[in-house]
Amino acid sequence: MSKAKPQALVLDFGGVVTRTLFETHALTEEALGLRPGTLDWRGPFDPASDALWRSMQADEISERDYWKTRTREVGQLVGEDWQDMSTFVQRARGADPQAVVRPEAERAIRIAHEAGVRLAILSNELDLFYGKSFRERLPLLSLFETIVDATYTKVLKPDPRAYAMVGEALELPLSSCVFVDDQTRNVDGAIAAGMLAVHFDVACPAQSYAEALGHFGLSLS
């Protein structure tokens, strides 16, 4: 007997649907009037250059702590006191939210939607980082039937309850969901919760989306 095909694609938001802030330093510098090359921390693209990122990967600080520090640093560069990540994101990329959506994400999401795959987002910080107005200006998000955002639930991945919440919202067993995230600990948490999971490689977005769609018998091309 062949295994039943999964029914829902559950995506992390930042880094998976949108390009990371590491990939858009040039846009950020331009938006903030900073000299090109001012922002030299590259996170997963050059861990050797980013001690703070390595400390996050070692679980010494949380992802929120990482971005809180970067937010304060960039605010200081423009002579302002930035406390909220959403200030950073909106100032860096608020003019055109669509410009930071990964083209591969847009394509994969539309392919899945047209094939009848149900779509959900499970994020630790969608509105906390991006702000509600940013989300409302992304038409792509209207294709998602549910958004579970720890900004409001206060339950962060990889807590098993975070995954359970998205299963409940979809009224599906977690074994029917394919989860995609760029953080290893969140992928491990999803697998432990009973989901199929894809570790999203920010350096190879097309490959990661192809793998995710493959679970549904779909292709990215």
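User: Is Tyr-209 buried or exposed?

Analyst: In this predicted model, Tyr-209 is buried, because its relative accessible area is 1%, and buried means under 20%.

User: And which aromatic residue does Tyr-209 pair with?

Analyst: Tyr-209 forms an aromatic pair with Phe-200, and the arrangement is edge-to-face, with 5.3 Å from centre to centre and 70 degrees between the planes. Phe-200 is buried as well, with a relative accessible area of 1%.

User: How many aromatic pairs does the structure hold?

Analyst: There are 13 aromatic pairs in the structure. One of them joins Trp-53 and Tyr-66, which sit edge-to-face at 5.6 Å centre to centre, with 85 degrees between the planes.

User: Where in the chain are Trp-53 and Tyr-66?

Analyst: Trp-53 lies in helix 2, which covers residues 51–57, whereas Tyr-66 lies in helix 3, which covers residues 63–77, so the pair links distant parts of the chain, 13 residues apart. Both Trp-53 and Tyr-66 are buried.

User: Which residues do ring pairs link into a cluster?

Analyst: The cluster linked by ring pairs consists of Phe-22, Trp-41, Trp-53, Tyr-66, Trp-67, Trp-82 and Phe-88.

User: New topic: how many disulfides does a search of the whole structure find?

Analyst: The search of the whole structure finds 0 disulfides. A disulfide, in general, is a covalent bond between the sulfur atoms of two cysteines.

Terms used: Residues are numbered from 1 along each chain as its sequence is written. This is a predicted model: local features need pLDDT of at least 70, side-chain atom pairs count only at pLDDT 80 or more; totals for chains, interfaces and linings use all residues. Side-chain values use heavy atoms; hydrogens and water are left out. Rings of Phe, Tyr and Trp (its six-membered ring) pair if their centres lie within 6.5 Å; planes under 30 degrees apart count as stacked, over 60 as edge-to-face and the rest as tilted. Helices (H or I, at least four residues) and strands (E, at least two) are DSSP runs, numbered from the N terminus. Buried means under 20% relative accessible area, exposed over 50%, partly exposed in between (1.4 Å probe, protein chains only). A disulfide is a pair of cysteine sulfur atoms within 2.5 Å.
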